[in-house]
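Reader: Before the classifications are discussed, please show the sequence and the model.

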Amino acid sequence: MIFESLPTTPRSEELLDKAFSRAARAGRAKSGLEAQQSMLQTASSILSDNLENVVTQWPDFGTVDPFYYELADAIVDVDELRQSLSEVTWASRQISELRREYQPKLRNTDAETARKHRKQAFARMADVVEEVAEDLQRIGEARDSLKTLPDIRPDEPAIVVAGYPNVGKSSFVNQVTRAHNEIARYPFTTKSVHVGHFERDRIRYQIIDTPGLLDRPEEDRNDIERQAVSALEHLADAVLFVVDASEACGYPLSAQLELRDAVATRFRERDVPVLTINNKSDRSTDIDADYQMSVEGGDGVDEVLDAAVEAVAWEPDIPPSRQE
């Protein structure tokens, strides 16, 4: 996952303490002009390199898959994050400029004058780092939020499971992924995204249950949840909308079908097929569904999975064989 390996972002105080402490040790190892030159080189390198690394470790949001871009933007505001990354890049370059400005001043002079110039350089470098203190904090908080996002791969086929709570979505996802024990739960705001995997014909499929996102009407979702649904639109290759015709889930069938129609309209705008699956068919089949199943009874589950795979119609990119 593109955000999982992001390193911890240093705070401004930590970075300055690290740079100036190491510079002091470098200075003690030498004397005279060499000590001051070594301190300047050490501190400026640590500051500029660490600031640059903060930025280069992040992916280029201009090329990030739309799914991850939308999901990240729902959580941290990508525009603000990119602005902070730009500010940190500026700070890294400013530190390097200060090093180049003061290096000549520390040559061909006496040790005391060199020490004064070096202290002045350190003060100016500290000012630059303090100027981006809030940016470093924002980047660090963004990293902490995004590193826990689910490992969903846009280059693998994805089946999204939707429907009101208690209709059997999670039970279905658990059952079809149980053989590989790959079901995982990832925190998303106050909700969770459940991601499992199964294989067919050597193709790995992702099956995703999104409680709190696709289990209630659009008007009941907050802004973050709406944007998360928008992210799912970029990801889904097929949607299984699960209903409970028996209404044992606690929601009237009319409300379930109204939500189904809203989800279908939204995803069909991107030509994503939406299949209506009636679970708990052992209790009621009083609905015109694409497929009937009972996860509890084990009836129709394989047929639904087959239908999902067929709806996805995934064709992996296979390189053409070399002509002999």
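Predicted model: local features only at pLDDT ≥ 70, side-chain atom pairs only at ≥ 80, totals over all residues.

Author: Residues are numbered from 1 along each chain as its sequence is written, and side-chain values use heavy atoms, with hydrogens and water left out.

Reader: What is the mean pLDDT of the protein chain, and which share of its residues reaches 70 or more?

Author: The mean pLDDT is 88, and 92% of residues reach 70 or more; pLDDT is the predictor's confidence in each residue, from 0 to 100. Over residues 179-184 the pLDDT is below 50, and this stretch has 16 contacts in the model beyond near neighbours in sequence, where contact means heavy atoms within 4.5 Å. Residues 186-190 also stay under 50, with 17 contacts beyond four places in sequence.

Reader: Why is Lys-280 called buried?

Author: Buried means under 20% relative accessible area, exposed over 50%, and partly exposed in between (1.4 Å probe, protein chains only). Lys-280 has a relative accessible area of 16%, and is therefore buried.

Reader: What makes the pairing of the Lys-280 and Asp-244 side chains a polar contact?

Author: The term requires a pair of N or O atoms within 3.5 Å; within protein, one must be able to donate a hydrogen and the other to accept it, and residues adjacent in sequence count only if both atoms are side-chain atoms. The side chains of Lys-280 and Asp-244 are joined at 3.2 Å, and the pair is listed as a polar contact. Leaving aside neighbours within four places in sequence, Lys-280 also touches other residues, including Asn-166, Cys-249 and Met-293.

Reader: Why is Asn-108 called exposed?

Author: Its relative accessible area is 82%, so Asn-108 is exposed. Asn-108 lies in the loop between helix H4 (78-102) and helix H5 (111-131); helices (H or I, at least four residues) and strands (E, at least two) are DSSP runs, numbered from the N terminus. Asn-108 has a positive phi of about 50 degrees although it is not a glycine.

Reader: Why does Ala-313 count as exposed?

Author: Ala-313 has 51% relative accessibility and therefore counts as exposed. Ala-313 lies in the segment after helix H10 (301-312) and has a positive phi of about 50 degrees, although it is not a glycine.

Reader: What makes Asp-65 a cap of H3?

Author: A side-chain oxygen of Asp-65 lies 2.9 Å from the backbone nitrogen of Phe-67, at the N-terminal end of H3. After H3 comes Asp-77, with a positive phi near 65 degrees.
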